[in-house]
Amino acid sequence: MRLTTKGRFAVTAMIDLALREAHGPVTLAGISQRQKISLSYLEQLFGKLRRFNIVESTRGPGGGYTLARSADAISVADIIVAVDEPLDATQCGGKGNCHSDEDEHGHCMTHDLWSNLNLKMVEYLSSVSLRNLVQQQEGRGVVIQDMRQKKVKVESAKAEKTAPALAAKKEVAPKAPLINSVFNWARQS
């Protein structure tokens with residue numbers, strides 16, 4: 001029994017979102033680029049997360065996703081259940097017909113073992129909040145940059161650098177009149 005990529009990607013994307021949402025809505029393209037997860041796959045996952053009221057979307061320029069609830073109120077189990085990830089270690093999917101539908105005994109010898117494991121997994125994943133995972137990443141020294149502010153600063157710095165150069169060009173090199181210009185011909189007449 002192991003968690004599939006659907007559950008792992010959903011939890012990873014939610015940690016990324018929670019780390020960055022203080023700077024405004026987070027784009028799926030940004031998460032895709034940072035976490036190396038297909039954009040179309042993220043769109044599917046976030047559609048499910050939105051239906052479970054875990055994330056909210058904002059449309060338009062500057063849009064993206066934010067948490068619909070506080071990170072303390074979102075557990076890993078909530079995320080995994082929202083994306084339809086099965087948390088079941090039993091062979092029968094929890095139905096109790098481990099051997100076959102016709103079998104009188106139904107349960108296999110280890111059914112109770114795997115059922116108890118299921119309960120422990122759900123209990124543990126329910127106890128871990130998104131806030132816990134964010135704090136864990138922050139404790140590792142994960143550096144979060146607001147790319148939107150950085151982009152604005154870079155653009156304003158470029159404008160400041162080019163403004164004096166443009167002013168110098170205007171002062172130094174006035175345009176000489178064209179000889180074949182219609183305006184020059186009118187002045188000569």
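Me: Which residues does Ile54 touch, not counting residues up to four places away in sequence?

Reply: In this predicted model, Ile54 touches Met14, Leu49, Leu67, Ala68, Arg69, Ile74, Asp78, Ile79 and Ala82, where contact means heavy atoms within 4.5 Å. Residues are numbered from 1 along each chain as its sequence is written; local features need pLDDT of at least 70, side-chain atom pairs count only at pLDDT 80 or more, totals for chains, interfaces and linings use all residues, and side-chain values use heavy atoms, with hydrogens and water left out.

Me: Why is Ile54 called buried?

Reply: Buried means under 20% relative accessible area, exposed over 50%, and partly exposed in between (1.4 Å probe, protein chains only). Ile54 has 1% relative accessibility, so Ile54 counts as buried.

Me: Why is Arg20 called buried?

Reply: The relative accessible area of Arg20 is 15%, and therefore Arg20 is buried under the 20% cut-off. Arg20 lies in helix H1; helices (H or I, at least four residues) and strands (E, at least two) are DSSP runs, numbered from the N terminus.

Me: Which residues is Arg20 in contact with, leaving aside its neighbours within four places in sequence?

Reply: Arg20 is in contact with Val26, Arg34 and Ile144, once those neighbours are left aside.

Me: At roughly what angle do the axes of helix H1 and helix H2 cross?

Reply: The axes of H1 (residues 5–20) and H2 (residues 28–35) come within 10 Å and cross at roughly 115 degrees. Axes are lines fitted to C-alpha atoms, for helices over the stretch in contact, and angles run from 0 to 180 degrees between N-to-C directions.
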